[in-house]
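Trainee: Please take me through this model, one topic at a time.

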Amino acid sequence: MPASDVVRRKTARPSSRSVRGDGKIRKTRKKKQSNGEFRSLSIVCFVAFGVVLLAIKVFVKSGSSPTRNGIDYERYVRGNALRDALRGGNRQKQSQQQSFGENGSRYFDPRQFPPLPSESSERYDGEGPRRFRGLGDDEWVADAGSKSIGPKVDYTKHKYSYPELLFEPPNDGSYPPLVDMSKIFEFWGQDDLDSPPDIIPEVLQHFDYQNPHEVAAAEKYRDLELPFKVYNVPEVKAAGIKWTDKYVADNFNDAGDDDTPRSYGNAQQSVDSFFAFYYPERWDVDLLGPSPSLDIDWTYDKWAQHAVYADEVSLSPNEKHYYWQSGVSREERLKKRKHWTFVSRDLPSFSSPEPTFFGFNPPAQKGIQCRFGERGVTAATHYDGGRNMIAMMTGAKRYILSPPNACKKLGIVSSRHHPSFRHSMLNFGRVTLLDKKD
């Protein structure tokens with residue numbers, strides 16, 4: 001999705017056992033989401049309302065396994081065997097920084113995955129620290145240039161094909177069109193950032209925000225909870241120009257020229273380009289292995305410098321990646337404007353206490369989340385706790401959405417006590433490897 005587009009994501013609601021959609025239209029919907037961010041400053045803000053789903057992978061197995069102490073013992077054995085093999089047989093506990101492996105390869109302990117669809121549920125009672133902290137890696141600093149040369153492929157200027165406008169949403173289950181995930185990644189691999197197809201096909205409806213007739217059509221899709229995009233949104237375009245590295249850094253460093261309150265954010269580090277959300281206070285290393293990511297004490301300035309470096313060297317997906325995240329609380333919009341941070345001020349349609357096209361249900365608004373991603377950052381499949389509107393400020397981002405009824409096949413954890421609740425640990429970019437014997 002190129003900068004200045006706003007996309008409406010498909011929604012789903014969690015139940016106690018699995019995740020399913022509500023509404024008669026939802027059952028047959030499918031889109032797919034892959035969060036690869038392709039520019040040195042790929043900035044995404046979204047406002048959450050009710051609840052959403054992003055996609056991935058299929059398990060097939062029958063029968064169940066015996067448990068011990070509430071844990072699937074067969075999977076426990078498999079997990080230890082896998083870690084033994086990857087650690088060269090060394091069973092000694094290692095520090096969090098070391099546990100990823102010296103070669104930088106990513107692996108996931110099978111115990112991190114939920115039971116297969118045919119297996120019985122299992123209880124999780126693990127505990128972890130408040131945060132998993134890391135130091136970050138400074139080896140790249142000496143090689144980093146002082147000026148961005150930009151990505152090899154500028155996806156904001158790439159060629160796209162678009163579907164014919166449908167002013168009335170189809171009610172026969174044909175929209176959005178469904179495509180097998182393996183075919184999506186065979187056509188264009190998740191990590192093939194520098195070699196995309198000559199023309200990237202878009203499948204969502206695209207509506208011009210400056211055209212009243214198209215906005216009216218978009219409202220129909222929105223109210224039916226069907227995904228779509230709008231473009232030519234003035235405040236999003238303005239923010240894309242205004243949000244330079246210096247402007248954003250000043251707001252996080254409280255060094256701005258006006259009276260805008262300081263914003264807060266944090267950097268996260270992953271051993272590779274794949275980031276999986278988790279609740280650290282529930283993540284038991286002895287049960288699940290190393291945490292998916294680490295919190296590091298980088299400033300926004302340093303994160304932005306690495307984002308530029310990632311473009312300069314075409315950072316490999318197997319190298320360490322960094323993600324900057326920030327949020328605006330749901331209460332901020334209820335305060336006087338002088339207490340609004342820069343995100344709320346620059347995106348009034350997202351932060352307004354009154355209904356707007358994007359913030360169409362203010363009482364249910366759960367806040368605004370901003371994600372600053374460098375080249376290749378990929379977020380794990382998940383569903384969020386709200387109906388989302390997503391705006392791209394700069395850069396581009398690829399989404400792969402799946403229907404709510406696919407959750408059981410995507411490795412999404414449905415247990416509320418698990419640290420990965422609502423998320424999957426599966427990297428769907430690897431789906432094309434499933435049939436390979438080597």
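Trainee: Where is the place of Pro403?
Mentor: Pro403 is in the segment after strand E22 (397-398). Strands (E, at least two residues) and helices (H or I, at least four) are DSSP runs, numbered from the N terminus. This is a predicted model, in which local features need pLDDT of at least 70 and side-chain atom pairs count only at pLDDT 80 or more, while totals for chains, interfaces and linings use all residues. Residues are numbered from 1 along each chain as its sequence is written, and side-chain values use heavy atoms, with hydrogens and water left out.

Trainee: Is Pro403 buried or exposed?
Mentor: Pro403 counts as buried, at 7% relative accessibility. Buried means under 20% relative accessible area, exposed means over 50%, and partly exposed lies in between (1.4 Å probe, protein chains only).

Trainee: Turning to helix packing, at what angle do H5 and H7 pack?
Mentor: Helix H5 (residues 245-253) and helix H7 (residues 300-312) pack at an angle of about 150°, with their axes 9 Å apart. That makes H5 roughly antiparallel to H7. Axes are lines fitted to C-alpha atoms, for helices over the stretch in contact, and angles run from 0 to 180 degrees between N-to-C directions. Angles over 145 degrees count as roughly antiparallel, under 35 as roughly parallel, 65 to 115 as roughly perpendicular and the rest as oblique.

Trainee: Which residues of H5 meet H7?
Mentor: From H5, Asp245, Val248, Ala249, Phe252 and Asn253 meet Tyr300, Asp301 and Ala304 of H7. By class, this contact has 5 nonpolar, 1 polar and 2 charged residues. Here Ala, Val, Leu, Ile, Met, Phe, Trp, Tyr, Cys and Pro count as nonpolar, Asp, Glu, Lys and Arg as charged, and the others, Gly among them, as polar.

Trainee: What do the buried residues of H5 pack against?
Mentor: The buried residues of H5 are Val248, Ala249, Asp250, Asn251 and Phe252. They pack against strand E14 (265-270), H7, strand E17 (321-328), helix H8 (342-346) and strand E18 (368-373). Just after H5, Asp254 takes a positive phi of about 60°.

Trainee: Which residues touch the most other members of the largest nonpolar core?
Mentor: Phe228, Trp243, Tyr300 and Trp303 do, in a core of 45 residues. H7 supplies the largest share of this core, 6 residues. A second, separate core of 12 residues includes Phe113, Phe132, Tyr278 and Ala380. A nonpolar core is a set of buried Ala, Val, Leu, Ile, Met, Phe, Trp, Tyr and Cys residues joined through side-chain atoms within 4.5 Å.

Trainee: Now charges: how many salt bridges does a search of the whole structure find?
Mentor: The search finds 11. A salt bridge is a side-chain nitrogen of Lys or Arg within 4 Å of a carboxyl oxygen of Asp or Glu. One of them joins Asp138 and Lys302, whose closest N and O atoms are 2.6 Å apart. Asp138 lies in the loop between strand E9 (133-134) and strand E10 (159-161) and Lys302 in helix H7, so the pair ties together parts 164 residues apart in sequence. Asp138 counts as partly exposed at 43% relative accessibility, and Lys302 as partly exposed at 22%.

Trainee: Which residue forms a salt bridge with Arg387?
Mentor: Glu225 does, with the closest N and O atoms 3.6 Å apart. Arg387 lies in the loop between strand E20 (383-384) and strand E21 (388-394) and Glu225 in the loop between H3 and strand E13 (228-231), so parts 162 residues apart in sequence are tied together. Both Arg387 and Glu225 are buried.

Trainee: One last topic, the backbone: what joins Tyr175 and Pro176?
Mentor: A cis peptide bond joins them, with omega about -10°. Pro176 is in the loop between E10 and helix H2. As for phi, Ser314 has a positive value of about 50° although it is not a glycine. Ser314 lies in the loop between H7 and E17 and is buried, with a relative accessible area of 16%.

Key: Contact means heavy atoms within 4.5 Å.
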